[in-house]
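Thanks for coming. Please have a look at it first.

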Amino acid sequence: MPDLSGHEVAQRMGELARSLAAPSSVEDVLALVTAAAVEMLPGADTAGVLIAKGGKFESLFGTSDLVYKLDQLQAKYNEGPCVDAAHDDLMLRADDFAIETRWPNFSRALAEIGVHSCLSFKLYAGDHTAGALNVFGLKPHAFTAESEALGSVLAAHAAAAILASRHSEQLRSAINSRDVIGQAKGIIMERYNVDALRAFEMLRKLSQDTNVKLAELAQRVVNTRGT
């Protein structure tokens, strides 16, 4: 269980914010956040991120094997605080799964393996995907108001960083696609002695006729260069 002073918490939170300011990937963000949750939240024994997508669940970056087991139980019973937080609630807290009634099957299973407390924080929710930061404690009533407050701040940092990372990755993908399409246009212009507009129209029509995405088709054209 973490035992950090107020000054140490503030200092650590500042370091984390700087680390999350320019992460290299979403994976880096999740790894940092889950590790920080166990380090900083009073009562935390393990933490992880659960992604809900199209009715399926995926565990990401658990700080121990126990997290993956707990997420499997949520998927099995299709119930639990992490599932509800990912889709609906901003934050959910369970103080003792031995007497918890909101998720009867999941709670019974957790109590049997010795996990009694949980905090779940929504990270984001989209049309088809949702995610939650989940922190578990082995003892009943493991978490305090301080745990909730710190976890909420941590989840806010994570959500912002995840959105920024995804935007950055989408932007890089768009730039790469644009470059590949440009290369393909140049190859078609040279091979068939057409201008840039005609080359693009040829690519677009072939994409429609073959039901292949334009960027993928362009990459195939580029791969034929020199053959």
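How many nonpolar, polar and charged residues does the lining of the second largest pocket have, by class? Before I answer, a word on the source. This is a predicted model, in which local features need pLDDT of at least 70 and side-chain atom pairs count only at pLDDT 80 or more, while totals for chains, interfaces and linings use all residues. Residues are numbered from 1 along each chain as its sequence is written, and side-chain values use heavy atoms, with hydrogens and water left out.

Now the answer: the lining has seven nonpolar residues, one polar and one charged. In this classification Ala, Val, Leu, Ile, Met, Phe, Trp, Tyr, Cys and Pro are nonpolar, Asp, Glu, Lys and Arg are charged, and the others, Gly among them, are polar. The residues that line the second largest pocket are Ile187, Ile188, Arg191, Tyr192, Met202, Leu203, Leu206, Val221 and Thr224. A pocket here is found on a 1 Å grid over the protein atoms alone: it is an open set of points where a 1.4 Å probe fits, with protein on both sides within 12 Å along at least five of seven lines, and lining residues have an atom within 4 Å of a point. The volume of this one is about 160 Å³, where volume is the space filled by probe spheres set on the points, and points are joined across faces, edges and corners.

Helices α6 and α7 (196–210) each supply at least two residues of that lining, and α6 gives the most, with four. Helices (H or I, at least four residues) and strands (E, at least two) are DSSP runs, numbered from the N terminus.

That brings me to the chain as a whole. It has eight helices and five strands, in the order α-α-β-β-α-α-β-α-β-β-α-α-α along the sequence. Of its 227 residues, 41% count as buried; buried means under 20% relative accessible area, exposed over 50%, and partly exposed in between, with a 1.4 Å probe and protein chains only. Take the contacts (heavy atoms within 4.5 Å) with a separation of 6 or more: 60% of them come from residues 24 or more positions apart.

Next, the cores. In soluble globular proteins, nonpolar side chains tend to be buried together. A nonpolar core is a set of buried Ala, Val, Leu, Ile, Met, Phe, Trp, Tyr and Cys residues joined through side-chain atoms within 4.5 Å. The largest one has 25 residues, and Leu41, Leu123, Leu133, Val135, Leu154 and Ile162 have the most contacts inside it. At least two residues each come from α2 (26–40), β1 (46–53), β4 (117–125), β5 (129–137) and α6 (145–192). Of these, α2 gives the most, with seven. Leaving aside neighbours within four places in sequence, the contacts of Leu133 include Val33, Val49, Phe121 and Leu154. There is also a second, separate core of 19 residues, which includes Leu73, Trp103, Val115 and Cys118.

How many aromatic pairs does a search of the whole structure find? One. Phe97 and Phe106 have ring centres 5.7 Å apart and planes at 85°, so they are edge-to-face. Rings of Phe, Tyr and Trp (its six-membered ring) pair if their centres lie within 6.5 Å, with planes under 30 degrees apart called stacked, over 60 edge-to-face and the rest tilted. Phe97 lies in the loop between β3 and α5 and counts as buried at 2% relative accessibility. Beyond four places in sequence, Phe97 touches Trp103, Val115 and Cys118, among others.

Asp95 is in that loop too, between β3 (91–94) and α5 (104–112). At 24% relative accessible area, Asp95 is partly exposed. Past its neighbours within four places, Asp95 is in contact with His116, Ser117, Pro140 and His141.

Last, two backbone angles. Most residues other than glycine have a negative phi. Asn193, in the loop between α6 and α7, has a positive phi near 55° and is exposed at 71%. Asn211, in the loop between α7 and α8 (214–223), has a positive phi near 60° and is exposed at 72%.
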